[in-house]
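Q: I would like to learn how to read some features of a protein model. Can we take them one at a time?

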Amino acid sequence: MKSLFSLCFSLLSCIYVYGQEAKLTGKIVDKNEQPVPFVSITIAELNKGTATDMNGTYEVPLNTTGNYTIDFSAIGFKKLSKKITIAQGNNTLNVSLQENLEGLDQVVITSNRTRETLDEVPSAVSVLTSKQIENLSQTSNTVADILTEVPGIALGSNQTSSTGQTLRGRNMLILIDGIPQSTPLRKGGRDINTIDPSTIERIEVIKGATAIYGNGADGGIVNYITKKPNALEKLKSTTNISTEGGLSNFNNTVGSKVVQTFSGNLDKLSYVTSGSIRQTGVYKDANGEVISPYYGLGETSQYSLFGKIGYTFNDQHSIEFMYNYFSSNQDSNYIADLGTYGEEPTIGVLGEDPGVDQGNRYNHNAQLTYNYNQIYKNTDFKLNLYIQDFKTIYGYTDSFYDPNLSFDGGQSTISSTKKGARFNFNTSYNIGEIKGDVLYGLDALNDVTSQALVDGRPWVPKIDMNNIAPYAQLKTMYNNFVLKGGIRLENIKIDVPDYTTLTRYNVGETEPNSGGVAINGGEVDYTATTFNIGLRYNKWQLFKPFVSFSQSFSVADLGRTLRAATENTVSQINSEAVIANNYEVGFNSTLGRTHLSGSYYISKSDLGSTYRETESGAFEILRQPEKVYGFELALDTEITENIGFGTSVSYTEGKIDANNNDSYNTYMGGDRIPPLKTVSYISYTWNNRFDARLSHIYSGNRDKFEANENGDYTYGKGPIENFNIFNLTTSYQLTNAAKLSLGVRNLFNEDYYNLISQWAARDSNYIKANGTQFTLGLRLNL
């Protein structure tokens, strides 16, 4: 009987042990013992993996035991591999990741609509991490300045307008969590500075023509990824207080900023919310002169409100809601005192501007995201519903003079409201040694954009665009090869009402010089099919090459075409869309602590979108074929454990086929093509408490055009002279909860003109750059 009992017990024990599934669990933290979300965990031998949640925890269910290698990779951290013996039951493996100094070995991007590492993307990509954004913010007046160090992006204008800040010589589509911020129907140059840097967790830059998010990405996309709730506690508070000012002439330059963030985790619910207030002082150049306030950033009040809340129902279902508000209004005590282009700068003098406050009056973004994992076998589903409501006001100008209506001038505004939905499916597959996924779905977008004057005069009629675009993207991985190819079908209908073009006068005259044309409205239809294909080879860490071809689709500033129309019906207006073809070869290399990347590209389009200023001062769009080409090289390395160094060079050139004979013998202007840019830095870290970074930016010469018989240059064709800027950032961890930081911009008080001041060739734009500025900040975590 005893023997029978023992036998039964043994059998039950065996059944229990056999029935137990093996699993691997753990938690990933950084050097400060803070959880690291979105860490990619893979088991190469089993072709299985997962990612950490907001709390840095993970779980991988397994069906077998044995010895395995676990790989951990995350944005901004060194890749880590651990060997472990998996037994029946629960196996725990906790690890601490080390930050990767500047270089990113395994960059993870989400702007391609799915999470991918750089090794899975056959194109050039740049990612700015939260640490880099925090560092660059110390020497940046706007988000446009933060983008300055990204290879391929032109330097900012130090103005509210981002005109001239192109990506590879073409327009870039700006996104906030995938929500389009750009207004391609009436390109106003106010899309880059539409969010406060404190709201951003990382910035992803996908370079080269792309249609993955639709209209307007001829040069690529810039996606601002907002902060995610990652606190372990039910309530975590972070307070940032900073003051800023100018050192070339301190009087009236002092400004301040306060950012308050709350985040927390309540079981299945997580949240983060923040608000910020910033007031800038008077901006002054290297000689202590007040910079012209026209389109300026000085004496500006900025407000931001952000919130994100997520709820996880179970492993399959989750939902997230995001809202972001940003406003920037300038109320200056100064007015512009006009200088002379090439001789004396336009400066600011005390006076009262006749117009209302200029700036981005408001930018509302809201998005609801629903995730359904494994909706069918190996298929995940994501639904995005979003809305953007935007309004910006430009500076007062007498170019809107109208004697018949008793207007001495005026100010224009652009208003745009977008409503959209994205239905996204991702099906993974595994056929022997071949694996990959198919991404497919449907985008729907309604964009209503108009431009009017503050006094009520219409300038660009209300353009109502509806776009339906199905798409599909196939990724196949075999051994060390990654092949990606995709297609997108654009179906756009634009309704334009009857309207009359704005009557324009020269100041003091009673006869109009243009406008007053009655236009019969109508419907403008666009259909286009865009493709992309790329191949990457990942066998050698020393050299991972890729080659790609991609296309973009854009309606080339239809609003500008409509407001300058001379035909009497919309159907007669030349408003064909631009299809840009991007050809690119590049590579990524890793040699020990050194990371090197490079690419060469050619971008061609049969129709152009370059602006030309007419004799009346209005602009028209040139539709001749265009060719833009260039290269980018970037190097990041760890000289020692504490010292890092990096450098990059960006070169872009562009030409127009003015005679339509494939000659491409006419250079593009500076509003599209920037001069050579190099960025270098050296960084130092001591004892995980003190950080310092010195950077150098060099902007080269570009002189491609001849002056006219009067010695003048037309818009965009002014010669550009080189300049050098040095920036310094430092921080010190006072306690576990307190961190002090100091940033100094234009460290050596370089006296120079911004790019737009030089190439615009206008007296009103001939404005000097800022002299030395500082930002002193304190961060408190509670």
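Q: Which residues does serine 123 touch, not counting residues up to four places away in sequence?
A: The model is a predicted one. In it, serine 123 touches Arg536 and Phe546, with residues up to four places away in sequence not counted. Serine 123 itself is found in the loop between strand S10 (116-117) and strand S11 (125-128).

Q: Does serine 123 count as buried or exposed?
A: Serine 123 counts as buried, because its relative accessibility is 15% and the cut-off for buried is under 20%.

Q: What describes a pair of aromatic rings?
A: Such a pair is described by the distance of the centres and the angle of the planes. The structure here holds 20 aromatic pairs. One of them is formed by tyrosine 526 and phenylalanine 553, an edge-to-face pair with 6.3 Å centre to centre and 75° between the planes. The pair links distant parts of the chain, with tyrosine 526 in strand S33 (residues 522-537) and phenylalanine 553 in strand S34 (residues 544-554), 27 residues apart. Both tyrosine 526 and phenylalanine 553 are buried.

Q: Why is the pair of phenylalanine 549 and tyrosine 583 called tilted?
A: The planes of phenylalanine 549 and tyrosine 583 stand at 45°, with the ring centres 5.1 Å apart, so the pair is tilted. Angles under 30 degrees would count as stacked and those over 60 as edge-to-face. Phenylalanine 549 lies in strand S34 and tyrosine 583 in strand S35 (residues 578-591), so this pair ties together parts that are 34 residues apart in sequence. Phenylalanine 549 is partly exposed, at a relative accessible area of 22%. Tyrosine 583 is partly exposed as well, at 40%.

Q: Which residues form an aromatic cluster, and where does arginine 190 lie?
A: Tyr294, Tyr295 and Tyr394 form one aromatic cluster. Arginine 190 lies over the face of tyrosine 295, at 5.2 Å from the ring centre. Elsewhere, arginine 563 lies over the face of tryptophan 459, at 3.8 Å from the ring centre.

Q: What are the positions of aspartate 196 and lysine 257 in the chain?
A: These two residues form a salt bridge, with the closest N and O atoms 3.0 Å apart. Aspartate 196 is in the loop between strand S13 (179-180) and strand S14 (200-207), while lysine 257 is in strand S17 (residues 255-266), 61 residues apart. Aspartate 196 counts as buried at 2% relative accessibility, and lysine 257 counts as buried at 15%.

Q: Which residue forms a salt bridge with aspartate 443?
A: The partner is arginine 488, and the closest N and O atoms are 2.9 Å apart. Aspartate 443 lies in strand S26 (residues 434-453) and arginine 488 in strand S28 (residues 481-496), so the pair ties together parts that are 45 residues apart in sequence. Both aspartate 443 and arginine 488 are buried. Salt bridges that share partners also join Glu116, Glu120, Asp437, Lys475 and Lys484 into one network.

Q: How do the side chains alternate in a regular strand?
A: They alternate between the two faces of the sheet. Now take the pairing of strands in this model. S26 and strand S27 (residues 458-478) run antiparallel and are joined by 18 bridges. Aspartate 443 stands opposite alanine 469 in S27. These two strands form a hairpin with 4 residues between them, and glycine 456 in the turn has a positive phi of about 105°.

Q: How many bridges join S27 to S28?
A: There are 13 bridges, and S27 and S28 run antiparallel. Asparagine 467 stands opposite isoleucine 492 in S28. S27 and S28 form a hairpin with 2 residues between them, where asparagine 479 in the turn has a positive phi of about 50°.

Notes: Residues are numbered from 1 along each chain as its sequence is written. This is a predicted model: local features need pLDDT of at least 70, side-chain atom pairs count only at pLDDT 80 or more; totals for chains, interfaces and linings use all residues. Side-chain values use heavy atoms; hydrogens and water are left out. Rings of Phe, Tyr and Trp (its six-membered ring) pair if their centres lie within 6.5 Å; planes under 30 degrees apart count as stacked, over 60 as edge-to-face and the rest as tilted. Buried means under 20% relative accessible area, exposed over 50%, partly exposed in between (1.4 Å probe, protein chains only). A charge sits over a ring if NZ of Lys or CZ of Arg is within 6 Å of the ring centre and within 35 degrees of the ring normal. A salt bridge is a side-chain nitrogen of Lys or Arg within 4 Å of a carboxyl oxygen of Asp or Glu. Contact means heavy atoms within 4.5 Å. Two strands pair if DSSP finds at least two bridges between them.
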